Structures are given as C-alpha cells and as structure tokens.
Amino acid sequence: MNVSIFGLGYVGAVTAGCLTERGHRVIGADVQQTKVDAFNAGVSPIVEPELNELLASAKTKGLLSATTDAAEAVRASEVSIVCVGTPSLASGRLNLDYVRKVSEQISAAIVAKGSRHVLIFRSTMLPGSTRSMVTDFFASTPNVSIYYCPEFLREGTAVKDFREPSLCVVGTNDGNAPATNEALELLGEKAEVLAWEGAELIKYSCNYFHALKVGFANEIGRMAKFVGVDGARVMDVVCRDEKLNISRYYMKPGNPFGGSCLPKDVSALSSLARMEGVNLPLLDNVLDSNEAHLDLLIKLITSKGVRRVGLLGLAFKKDTDDLRGSPMVAVAETLLGRGYELSIYDPSLNLSRLIGRNEAEINRRMPHLASLLRDSAEEVVGESELIIASQKCVSVDALRSVVKAEQCVIDVNGWRELSALAWGYEGLCW
Ligand SMILES: NC(=O)c1ccc[n+]([C@@H]2O[C@H](COP(=O)([O-])OP(=O)(O)OC[C@H]3O[C@@H](n4cnc5c(N)ncnc54)[C@H](O)[C@@H]3O)[C@@H](O)[C@H]2O)c1
C-alpha cells in the first residue's frame with residue numbers, strides 16, 4: 001500500500017519504519033523541515049532502538065520519502081495515518097489544533113485528488129474528537145473512509161511493540177466492522193472493533209489504568225515504608241495473585257463494591273494513613289468513588305417516576321446471604337425512607353438463618369425486611385413498575401417470560417444479555 005503518515009515524531013516515525021519493513025511505501029509529512037530531511041536521508045528523527053536501521057533499509061529499497069506538503073503526501077497515497085501531537089494546553093485540556101489543521105489539509109487534498117482515500121487517526125484524542133473532525137472537515141468529502149486506531153507503543157520498545165502490539169483497536173463510525181480492509185491490514189488484523197468514541201476511550205482507559213497502577217503501587221509502597229516493610233516485596237506478592245489481582249476479576253462496570261470486607265478494609269487503611277499523616281490520596285478517595293456510584297444508581301431509580309420497585313438480589317453478590325455492606329441494602333433503605341413500595345427476591349436469603357452481625361445490621365437498617373421478601377422473581381416482577389437486577393440470581397429466560405413491555409429493568413451488574421430484551425432497559429454504567 002502507499003501510505004502517508006502525518007507527524008514524524010515518536011509514533012509517526014516508528015509507524016513509518018515498521019510499515020516499510022512490511023513492504024508498504026511510506027511518504028511522511030511534517031511541518032518541521034529537519035524531520036522531513038532526516039526521513040529523506042533514511043535517518044530516524046528520533047532516538048528509538050532499531051528505527052535507524054529500518055528507515056535506512058526502507059530508503060535503500062525506495063520505500064521511504066517525506067515532504068512538508070500535505071497535498072503531495074495525500075496525492076502519493078491511498079491511506080493517510082494521522083500521528084501529529086496532541087499536547088496539553090496550560091489549563092491541562094487537550095489541544096487538538098494540530099489534528100484540526102491536518103484534517104483540514106487532508107480533506108482539501110482528498111477532494112483535489114478525486115479518488116477514494118482512507119484516513120486513520122492515530123493521535124490520542126478524547127472521546128468525540130474523531131466525530132467532531134468528521135463533522136467539521138469531512139462531512140462533504142467524497143469517497144473517504146475514516147477510522148480511529150489508537151497507538152499503544154512505549155518509547156524505548158516502540159518497534160518491538162509495533163510488531164507485537166499489546167492491543168489492536170479499530171474505531172468505526174457505528175462500531176460495525178470496517179467497510180474497507182486497510183486499517184486492519186496495516187495496524188492489526190485481530191483488532192477489536194468499536195465505535196470511534198469507544199476506541200478513543202480505550203486509549204485513555206489504558207493510560208489511566210497504567211497511571212492508576214503506578215499511583216497504587218507507590219501508595220502501597222509509602223504505607224509499607226511507614227510500617228517498616230519492603231514495599232517492592234509486598235507488591236511483588238500482590239502481583240503473584242493472578243486470579244483476583246492481576247486479572248479481569250473486578251474489572252467490569254456495574255455494582256458499587258460492598259460486602260463485609262472491602263468497605264471495612266478500605267476504610268481501615270485510609271483511616272490509619274490519615275491518623276499517621278501518611279498521604280495516600282488515591283486510596284483515600286476509593287470510598288468516595290464507590291459512594292458516587294451508589295448515588296448514581298439511586299438517582300437513576302428515582303428519575304423513573306415510579307413508586308413500586310422490585311429488587312432482584314439484596315446481598316452484595318450472588319450465592320451469599322451476607323447483607324453487611326451490601327449496596328442494595330443501602331438502595332432499599334433509601335427508597336423505603338422516601339416512601340417507595342419495595343419487594344425483594346434473593347434466593348440465598350433466609351431471614352431465619354441470619355445470625356450475628358449480619359442479623360443485627362439488617363434489624364437496624366431494615367427492620368421490616370421480612371414483609372418485603374418474596375418467594376420468587378415472578379412475584380417481585382408482578383408487583384413492580386421498575387425492576388433492579390443487581391445479581392444474576394434469576395436467568396434471563398426466566399425474566400423474559402415474566403417482565404412486561406411497560407416495565408423497566410435497570411441492570412446493575414453489567415448483565416449484558418438484558419440489553420437484548422425488548423423492555424425499557426437501562427444498564428447502570430454502560
Ligand atoms: N510518544 C508515545 O509514546 C505515544 C504513544 C502512544 C500514543 N501517542 C500519541 O500519538 C500522538 C503523537 O505523539 P508523538 O509522541 O509521536 O508526538 P511528537 O511530538 O513526537 O510528534 C508529533 C509530530 O507532529 C508534527 N506535526 C504537528 N503539526 C503538524 C501538521 N500540521 N502536519 C504535519 N505534522 C505536524 C510535529 O512537527 C511533530 O513532529 C499524540 O497524540 C500522542 O499522545 C504517543
């Protein structure tokens with residue numbers, strides 16, 4: 001393929017070198033003459049292992065050139081990849097000026113070229129940016145297919161990362177498979193396909209997650225130092241658990257966390273740190289984040305304008321009768337306090353078997369729980385205008401057979417199958 005690459009910095013130069021390695025012909029475009037000259041000489045404009053060799057070899061094979069003229073780059077290619085910088089403004093906000101500038105140039109050049117063109121945005125941009133570029137610059141550009149493909153390479157190992165990417169993502173207008181093959185062929189055949197906004201958010205989610213991990217490890221390290229143990233050893237052991245810690249577990253938007261351990265333990269460590277003057281802002285705000293999620297659920301319920309609400313699941317998860325710290329108990333308590341009529345089904349809950357603190361807590365917070373409990377999901381659904389599915393304690397098929405079209409279901413547990421059902425359905429956060 002003939003590919004033009006806009007922006008010959010870390011991402012653009014590596015992309016160029018690696019695409020020429022696969023036999024594609026690349027024309028680079030940059031506003032900096034020195035980078036263009038370096039490219040034309042087959043020399044890397046940046047320091048990155050293996051890149052000089054790749055570009056020198058591409059130059060020898062006649063696969064590499066560069067220009068400061070955007071129109072020339074578009075004319076010489078069927079595919080353009082945008083890798084220009086997206087720096088922060090002084091306020092911290094994202095500066096999309098360079099992306100806007102090249103979008104304007106590329107759009108005009110495609111019109112002038114008059115033949116089909118594929119445009120791939122690769123610069124990191126906030127969700128909604130690709131769509132706004134399309135609206136602002138490509139709404140009336142004929143014969144153009146536009147994709148957003150985030151880059152996940154790390155400086156220092158960028159060539160290796162390009163050859164073996166940690167993740168390949170292609171964003172399309174509607175989240176359906178790309179209409180043309182170029183994005184997949186160039187940047188990853190096994191790519192995950194999402195709508196532009198989803199692909200854009202994945203890039204930020206990954207970087208946020210990396211940042212969060214560094215912050216988390218550092219805060220645990222500070223706590224370790226305070227208690228006089230080796231933080232590196234502590235984190236090393238934490239990372240050995242690949243079932244719950246370094247895994248997909250707990251990584252699904254849905255319920256706020258609850259139960260008898262997480263809220264208590266998060267609160268205990270934060271309190272100790274605060275008392276002892278160990279500054280752990282990340283850990284300290286975890287409970288606030290959880291509260292915000294619970295508040296959102298309650299707002300979602302109350303915004304529906306109904307009075308009869310059914311809860312499927314009261315304990316903090318399926319297959320336990322532990323009500324301590326359950327977010328659904330907090331939901332029920334709030335709704336009862338506001339005069340809602342509640343009915344509840346939880347197959348694991350047998351009030352006569354509740355003992356100890358579990359019993360004491362429920363007696364204190366929901367003394368009339370017994371009168372709200374029903375023997376089946378059907379009974380709850382039959383009595384309710386709005387159903388909150390917080391656990392997978394009932395099968396989708398069972399629900400489908402009893403829920404009526406006018407009823408609304410809120411799925412708190414990321415229970416994807418529910419969205420396929422025909423009712424007024426809403427997930428808490430997806
Ligand atoms: N550096 C990384 O490790 C990395 C990794 C993944 C994603 N990203 C993202 O990729 C994008 C590029 O990052 P980078 O580190 O390569 O940036 P960079 O600053 O190294 O390079 C950007 C290049 O774009 C050029 N440019 C600016 N305006 C232009 C225009 N109108 N026409 C042509 N070229 C123009 C600049 O001259 C510069 O050479 C950013 O959005 C960044 O967030 C970077």
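This briefing describes salt bridges in the structure above. The structure is a predicted model, in which local features need pLDDT of at least 70 and side-chain atom pairs count only at pLDDT 80 or more, while totals for chains, interfaces and linings use all residues. Residues are numbered from 1 along each chain as its sequence is written, and side-chain values use heavy atoms, with hydrogens and water left out. A search of the whole structure finds 15 salt bridges, a salt bridge being a side-chain nitrogen of Lys or Arg within 4 Å of a carboxyl oxygen of Asp or Glu.

**A link between two helices**

- Glu21 and Arg163 form a salt bridge through their side chains, at 2.9 Å from N to O.
- This pair joins distant parts of the chain, 142 residues apart: Glu21 lies in helix H1 (residues 10–21) and Arg163 in helix H7 (residues 158–163).
- Helices here are DSSP runs of H or I with at least four residues, numbered from the N terminus.
- Glu21 and Arg163 also belong to a network of salt bridges that includes Glu50.
- Glu21 is partly exposed, at 40% relative accessible area, and Arg163 is partly exposed at 33%; buried means under 20%, exposed over 50%, and partly exposed in between (1.4 Å probe, protein chains only).

**Two further pairs**

- Asp322 and Arg324 meet in a salt bridge of 2.9 Å, N to O.
- Within this pair, Asp322 counts as buried at 10% relative accessibility, whereas Arg324 counts as partly exposed at 27%.
- The side chains of Glu383 and Arg374 form a salt bridge of 2.7 Å, N to O.
- Glu383 is partly exposed, with a relative accessible area of 31%.
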